[in-house]
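Below is a short briefing on one protein model.

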Amino acid sequence: MRQRTCRRGGWVSLAALVLMTVLLAAMALAINAGWLATARLDSQTTADAAALAAAGRLIDDDWLRSPPPSREDLLLAARQQAGEYALRNRVLGRPLSLLPEDVALGGYDSNGVFVPADNTATLDQADTVRVGARRLRERNEGVPILFGALFLTPVVSVQSFAEARLDRDIIGFRARDQRPLPLLPLGLRLSDWQSQILSGAGPDSDAFIPGVGFTNGPDGISEIDLTLPLAPSAALTDGNGAIVPLGAGDPYIQISQGVTLDDLLATEGVLSLDATNQLPVNPSVGPTVATGDYGALLAGLQVWQNAGEPRVLPLLDDSTSIVAFVAVRIVRVEETSNDRLTIRLQPALLAVPMALSDSTRRGTAALLPNPYLARPRLAR
């Protein structure tokens, strides 16, 4: 009887041990699953942030210069930006370092094949960033798992990938609450932009230096003069520019403050080209000299000239419609006479997070893809 009791006790102990082992294994499996899920989420967040940051760094006026400079410094700066953001977004509490092979910059050819960018790339050839956020065993950076040593797998590899691109098929904008659109309520004829800027025939006498402003001398980016006829004696045909009310707002307030959601309530915050790639507007001559509106116009233009920040400028057809948008810096404002105001502008490249785009309109609308406006976005 004693022997049988001891044998039965041994079986009970063995069963308890097996049960405990199973429970521990199940617990380890659950913990590891959650641990690895967190690692994958962290690495995906890191990849997304690094790709978007690098794509944003590609938004640079160097793409507009003629002759085009080497892209080496700009591509290197984009890679460095990706690396900096990867370090800021930790994976399981540890900074993640990107190696050169973890970041690819380039663009897609006509066959949809990704082609890495070189130092002679155009913006079309370098508008996409691919990032791999990797913690790999072979790099001695794998993710440790619970009881992994028992299964000869103390660490596992975790990696996530992201692709960000510069969406430049800009057809309009959507205003947000407390976030005005950086639009100037001024219009310039598209034909003048094409003849002066796109052809490179405009003057190149001013160079923009970040933190300093404009100085005398060429910088490889042509300028253009917007000539605004002024009331009461001038007519629209006396210049190439016009006041363009955008929504229901006061254009002279919009000059300095931008276009707000309240200005666009009738269109639910949207300012966009229609299906025919036009946005009908009601352009007019500028205000009379020495009036409050004229003072507000000059003051608003002076704000952006001093700031050196690009603003979005609508381009008009020869009638009464906006047909495209560009980004410009204000070089200077010249009060040439009582019936004319001359505003010298220089093109710029500007990121507009609130932009609306439509890639299906390429080839049917002006300036698509847009050389001057871009919206960095994840491509998934």
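Buried means under 20% relative accessible area, exposed means over 50%, and partly exposed lies in between (1.4 Å probe, protein chains only). Helices (H or I, at least four residues) and strands (E, at least two) are DSSP runs, numbered from the N terminus. The model is predicted: local features need pLDDT of at least 70, side-chain atom pairs count only at pLDDT 80 or more, and totals for chains, interfaces and linings use all residues. Residues are numbered from 1 along each chain as its sequence is written, and side-chain values use heavy atoms, with hydrogens and water left out.

**Strand β3 and its partners**

- Strand β3 (residues 128-135) is largely enclosed by the rest of the structure, because seven of its eight residues are buried.
- Strands pair if DSSP finds at least two bridges between them; β1 (residues 103-108) and β3 run antiparallel and are joined by four bridges.
- β3 also runs antiparallel to β6 (residues 158-167), with eight bridges between them.
- Val-131 of β3 is the bridge partner of Val-103, and Val-131 stands opposite Ala-162 in β6.

**Nonpolar cores**

- A nonpolar core is a set of buried Ala, Val, Leu, Ile, Met, Phe, Trp, Tyr and Cys residues joined through side-chain atoms within 4.5 Å.
- The largest such core has 54 residues, and Phe-173, Leu-183, Trp-193, Leu-313, Ile-322 and Leu-373 have the most contacts inside it.
- Strand β16 (residues 321-337) gives the most to this core, with eight residues.
- A second, separate core of 36 residues includes Leu-36, Ala-51, Ala-86 and Leu-105.

**Helix α5**

- Helix α5 (residues 292-307) has 16 residues and reaches 23 Å from first to last C-alpha, close to the 22 Å expected at 1.5 Å a residue; the expected span is 1.5 Å times one less than the number of residues.
- Its buried residues are Tyr-294, Leu-297, Gly-300, Leu-301 and Trp-304.
- They lie on the same side of α5, because they cover an arc of only 135° around the axis, taken from the directions from the helix axis to the C-beta atoms.
- The face of α5 turned away from the buried side carries the exposed residues Gly-292 and Asn-306.
- Just after α5, Gly-308 takes a positive phi of about 70°.

**Arg-332**

- Arg-332 is in strand β16 and is partly exposed, with a relative accessible area of 26%.
- Leaving out residues up to four places away in sequence, Arg-332 touches Ser-205, Asp-206, Gln-305, Thr-342, Ile-343 and Arg-344, where contact means heavy atoms within 4.5 Å.
- The C-alpha atoms of Arg-332 and Gln-346 are 9.9 Å apart in space, and the two residues are 14 residues apart in sequence.
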